[in-house]
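I opened this model to look up its charged pairs and its strands. My entries follow.

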Amino acid sequence: MKRYEGLFILETAGKEEGIKDAIDKISSEITSAGGKVETVQKMEKRNYARVAEKRHSAGFYVNVIFESEPSALTTMKHRSALNEEVFRVLFTNAAPPKPAK
């Protein structure tokens, strides 16, 4: 298993109270694909630097660090594309955890 970091930009237009449900849904998608969620970091809502559509001017950013098989990333990308609450997603290799002192 490899360690990955997923940056999810959630569509927040008019439904900011549903952010926790969206994060829970993302975590369950990772788990169902055979991954293990380590950390979920909720970030604040940010305006986009370039606005393609007026209805998509800002999003709620969530950073998720998880372990998964590399083949499961394709499945997670497809499931994220089907999730209407996820506006964008970016998966990268995560740095190894810092050893505890």
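**Salt bridges and strands**

I began with aspartate 24 and lysine 20, whose side chains meet in a salt bridge at 3.1 Å, N to O. I take a salt bridge to be a side-chain nitrogen of Lys or Arg within 4 Å of a carboxyl oxygen of Asp or Glu. Aspartate 24 and lysine 20 are four residues apart in helix H1 (residues 19-32), so about one helical turn separates them. Helices (H or I, at least four residues) and strands (E, at least two) are DSSP runs, numbered from the N terminus.

I noted the ground rules next. This is a predicted model, in which local features need pLDDT of at least 70 and side-chain atom pairs count only at pLDDT 80 or more, while totals for chains, interfaces and linings use all residues. Residues are numbered from 1 along each chain as its sequence is written, and side-chain values use heavy atoms, with hydrogens and water left out.

I then checked accessibility. Buried means under 20% relative accessible area, exposed over 50%, and partly exposed in between (1.4 Å probe, protein chains only). Lysine 20 is exposed at 55%, and aspartate 24 is partly exposed at 39%.

I searched the whole structure and found four salt bridges. One of them joins glutamate 38 to arginine 3, with the closest N and O atoms 2.9 Å apart. This pair links distant parts of the chain: glutamate 38 lies in strand E2 (residues 36-47) and arginine 3 in strand E1 (residues 2-11), 35 residues apart. Is arginine 3 buried or exposed? Arginine 3 is buried, at 17% relative accessibility. Glutamate 38 is partly exposed, at 33%.

I also recorded arginine 46 and glutamate 44, which form a salt bridge with closest N and O atoms 3.1 Å apart. Arginine 46 is partly exposed at 35%, and glutamate 44 is partly exposed at 47%.

I turned to the strands last. Two strands pair if DSSP finds at least two bridges between them. E1 and E3 pair in the antiparallel sense over 10 bridges, and glycine 6 has valine 64 in E3 as its bridge partner. E2 and E3 also pair in the antiparallel sense, over nine bridges. Asparagine 47 stands opposite alanine 58 in E3.

Why is strand E3 (residues 58-68) largely enclosed by the rest of the structure? I logged that 10 of its 11 residues are buried.
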